[in-house]
Structures are given as C-alpha cells and as structure tokens.
Amino acid sequence: MMNADLRDLYQEVILDHSRKPRNFKPMSGATGFAKGANPLCGDECTIFTSVKDDLLQDLTFLGKGCAISQASASLMTQILKGKSRQTAEHLFNLMKKMVRDEATVSEIEELGKLTVLAGVKNFPSRVKCATLPWHTLMAALEHKSEPVTTE
Amino acid sequence: MSVAANIPGCREFNVDHVRADFPILGSMIHGRPLVYLDNAATTQKPRSVIDALVNYYETSNANIHRAVHQLSERATAMHDAARETIRRFINARHVEEIIFTRGTTEAINLVAATYGISASSSNNSIIITAMEHHSNIVPWQLLAERTGATLKVIPIDKDGVLDLHAAAALLAEGGKILSIVHISNALGTVNPINQLIQMAHQHNIPVLVDGAQSVQHMKINVQELDADFFAFSGHKIYGPTGIGVLYGRREILNQMPPFNGGGDMIRTVTFEKSTWNDLPYKFEAGTPDIAGAIGLAAALDYLSQFDMEAIAAHEHDLLTYATNGLNALGKIRIIGNAPEKSGAVSFVVDGVHPHDLGTFLDHDGIAIRTGHHCAQPVMDYFNIPATARASFGLYNTREEVEVFCQSLERTIKILS
C-alpha cells in the first residue's frame, strides 16, 4: 500500500499530466524560448513562449524527465496561458515557497490547481524536478541564450 | 544460506552472520527494514571499521611523522601498518608502491597530472573506453588540454561489451597510457583486464586499472595482473569515505614528478630548490587521512577473514537472481548484458522515469541508485537519460532481491 507522503506526491492529477502532458509541442513564431536541464538527473525541458503586450499569449514545452518535472511543466503551461509576466513571476515565487514548505495558507490558496504539487515539500531531493520548468520559463521570458540549470 | 570456505583458516561465509556485523543493516526506512542495494555508490561499514575509527581517535590520535612523543609514534605505526595491510591485500611487491589518496578519482588525477605530464612516448594518445566513469574521462581531458594529447576511446557494443578488435587496433597505433575500468559501474561489465594489459604491454603502453568496482568483488593480485597502476576507493570496499589507494609500479612511480607540494613530500626545502622525499611520501603532501587509512585497513582485514571466492560466488548468485527476477517482470529493459558481469544490474522501465521508481522503492525501504551514474557517455550511447541500478554487497540476500522485485512490480503498476 502507498504511504501517505507518496500518495500526496503522486496524485492522480500528477500521473495524468505526466502520462499525457498538455501543450507538449514546439511553437512556431515563439517570441522566446529556453532550454533547462538538471545535470544531476538528466531531466531536460524546453519552454516556448509567445508574449504580446506583456501577456503570455501561449506557452508550450518539450522535454523528458520524471513524472514530477513533466507534470509540473504541463500544469504550468495550462495555468499561465493568458496571464501576465508579473503573475508568472509571482506564482513562481509562491511555487518555490510551497515546495520548500514555506508558504502560508493564503499563498497556497493563490496557487490554485498548482497545489497538487504541494506533496513535493516532503521530498527535498525532488524540489528541483518541480521547479525546473519554472526556472526555464523565467529564462525564456528573459531571452537567456545560455541553458539554465537547477543546480 | 552459507557457502563453505575452501581455504583452511578462513571464516565460513554465512550471510546471516555477516549481516550482524553491519549495524546499519538493522535500520528501518519509512517503517520498513532497510534493503540496501546501492553498494556501487558506497558500501556500509562493519562494526570493526567503525570501532577502528573510534579506537584510533580515543587512544592514538596524533599527527604522524612529526613528533617524538608517544602518541605520534603510535599513530605513525598504525598508519604504516595500514599501508602494509593494503599491500598484502592486493599483493603489491613493495609497500612503498601503495600511495594513499582521497579515492579513485584523486588517484587517477594524480597519474594524469604527474605521469601524464612527464612521461615521454612516441605517441601522445591516451586510450580509454566508452564505458568509463567521468573520473576516468575528465582528468585525461584536462591533461589533453594542457599537453595537446589526443583522447582515443575503445567502443562498446549494444550488450555493453568492449570491442577488442578496435582495442587492438588503437593500441597498435601506440599511446602514452591505457586507462581502463575493470568493472563498469553503470553496466556491470567485467572487462578482460589481463588480456587488455597484455595487449597494451606488447606495444609498451602502461596500463592504469580503475578498480573502484572490482576490488570489493574479486581477488586482486596486481603482480599477476601486471598492472602499472591500480586505483580504488576505501568507501566502496566497506571502509571509510575520503580514503583511497593508488598502486603504482615502483619504477614508474620513481620516475614521476610529485603531485601536490607541501609538508611530508619533501626531503629538503630552500627558497632556491626543494628535493623530494622517497616513495610513497613523495605523493602524499600534507597530513593524510590517518584515521581513514586505519579504517580502510580494518575493512580489508574484515574481508580477509573470508575466501574472496565465496564472496564473489554469493554476489554473483544475487546478480543472477535479480536479473532473472527483473526479466520475469516484463516491461523492463536491462542495460548491459555482457556475458561477464559483476556487482550491479542497470535497467529502465518503458514509460517510467528512474527517479520515480527510486522514490517509490525508497518508501518500501529499498535504496537503489537512479541517474546517469557519472557515466553520461554510456547513457548517450544507449540513448537514455538515466537508469535505475541495483548493486550488491556481501551482506545482501535473495530475500532482499525478492522484496526489491515485488516493490518494483507494484510501482510499475501504479506509474505506467
């Protein structure tokens, strides 16, 4: 039987997103893109963004990695579509706080659907899996040409 | 289960008795008994090693080769005795051929930075294999950048077996050194090291053997091997972390310049010029890991109670049992199917990332390694980002392998 921490981490929503990642495709006409990698575990993530008037009109991703990193990327692309760059940065900060178990109740509420990743807080070695897509997105928004890493 | 020792005077190898010697094996992890299958990363320590460290610090701690006081003499004697224990364990001819390092990585770096810089040869090539750990790739790349040497790589096939025809062709072109892993940490392949050493020596190419994954699984006799260098780590052979060994043939070591400069490695120092101490001290600048050396000797003493053949047979049984168990699960692809394997089985599950497997197994108390095993070129060759790896030590049991396979089966059902 699955232990409670494990059940929290690998919720059905997570498994569903990792098996059938949403927005998993390259983007033609992207205004920004960035590659991210976690050199210690080999996870890779490429984020494509289309920004107009400071709004994330569209974002997609490609990559390979564990269920947590794939689901996190998939959820991120869903949540952020149509949101402003400031909202993206704000949610990233809240995400980081949540997976490090530093977020307040109201901050967690703000994260909405992303709270399915809250279970990561009990798995310190997996925090980097959940945050890799977000780090990569920030690089895409800043048009960084160097690959980003979570290390 | 026990395997009768066939050497008179040896302690009978009985895995239940062996387990009782390792305090950590009684631990519970997430409420389950620990099943430790990450021995290729590091091994657990027997009580005798832990006691040797504690005893040294409680009764004999002092700096060596320095003072006339009694503790220093005692510590120096213990450190010297440790070196002799290591010499005997790998059957080196001379005790000064045993150089203490921090581990296999530092041992290889030492050779690259000294022999690699100084040795003259008609051909500047450094020959390695496609299954090397990063520690037997990067030091040579650093050397190549400094000296313009060329790195040549002996390829492997889809089973993870070295291409000996390609090896023969590369060696025939000549080279400065053949630096080769004895047993691959990522694939478990046992390389035909005697044959490769002979082949290299026919072309006057010295050979460094990376024994990080072999010395704990089989009897090593450096004279019989005719290796020029043999490197291994203490912590992978039931000893402490931070200590390792470089064996080198005395004639070669004498020709090599020093590695680090500092205390203990000098004979005389003036501001104009310094002269070097004799072997092995020439390569051991600064206060060494005294306790580590003593702990490593205790680990080798522990292993020496047993017939290494009995340990090898037990570990081979576990490897075969695990391989059969994994194959029976289906959905699993074993990476590395060499006819000669030892110590470890690497695998991938289609559609499931190794890290997710690792997290689930951890919650059943099972420690395995997931990742690229510091062998990214091996992962690239097999076109996979990572593998899961179960690796065995003398204290593992068939029952543990069964727990591992059962946990894996449940995990695959949930994740795939």
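**Close-up views of a predicted two-chain model**

**View 1. The contact between chains A and B.** The contact draws 13 residues from chain A and 13 residues from chain B, two residues being in contact if their C-beta atoms, placed from the backbone, lie within 7 Å. On the side of chain A that touches chain B there are eight nonpolar, three polar and two charged residues; here Ala, Val, Leu, Ile, Met, Phe, Trp, Tyr, Cys and Pro count as nonpolar, Asp, Glu, Lys and Arg as charged, and the others, Gly among them, as polar. The model is predicted, and local features need pLDDT of at least 70, side-chain atom pairs count only at pLDDT 80 or more, and totals for chains, interfaces and linings use all residues. Residues are numbered from 1 along each chain as its sequence is written, while chains are lettered from A and ligands numbered from 1 in the order in which they are written.

**View 2. The elements of chain A.** Chain A has six helices and four strands, which are DSSP runs numbered from the N terminus (helices H or I, at least four residues; strands E, at least two). Read from the N terminus, the elements of chain A follow the order α-α-β-β-β-α-α-α-α-β. The C-alpha trace of chain A spans about 45 × 35 × 25 Å along its principal axes.

**View 3. Helices α4 and α6 of chain B.** Helix α4 (residues 104–113) of chain B and helix α6 (residues 138–147) of chain B have axes that come within 9 Å and cross at roughly 20°, the axes being lines fitted to C-alpha atoms, for helices over the stretch in contact, with angles running from 0 to 180 degrees between N-to-C directions. α4(B) and α6(B) are therefore roughly parallel to each other, a term for angles under 35 degrees. From α4(B), the contact is made by B:Ile108, B:Asn109 and B:Ala112, and from α6(B) by B:Pro139, B:Trp140, B:Leu142 and B:Leu143. By class, these residues divide into six nonpolar, one polar and no charged.

**View 4. Helices α7 and α8 of chain B.** Helix α7 (residues 164–172) of chain B packs against helix α8 (residues 193–202) of chain B at an angle of about 25°, their axes lying 9 Å apart. That angle makes α7(B) roughly parallel to α8(B). Where the two helices meet, B:Ala167, B:Ala168 and B:Leu171 in α7(B) face B:Leu196, B:Met199 and B:Ala200 in α8(B). The contact of α7(B) with α8(B) has six nonpolar, no polar and no charged residues.

Technical notes
Parallel < 35°, antiparallel > 145°, perpendicular 65-115°, else oblique.
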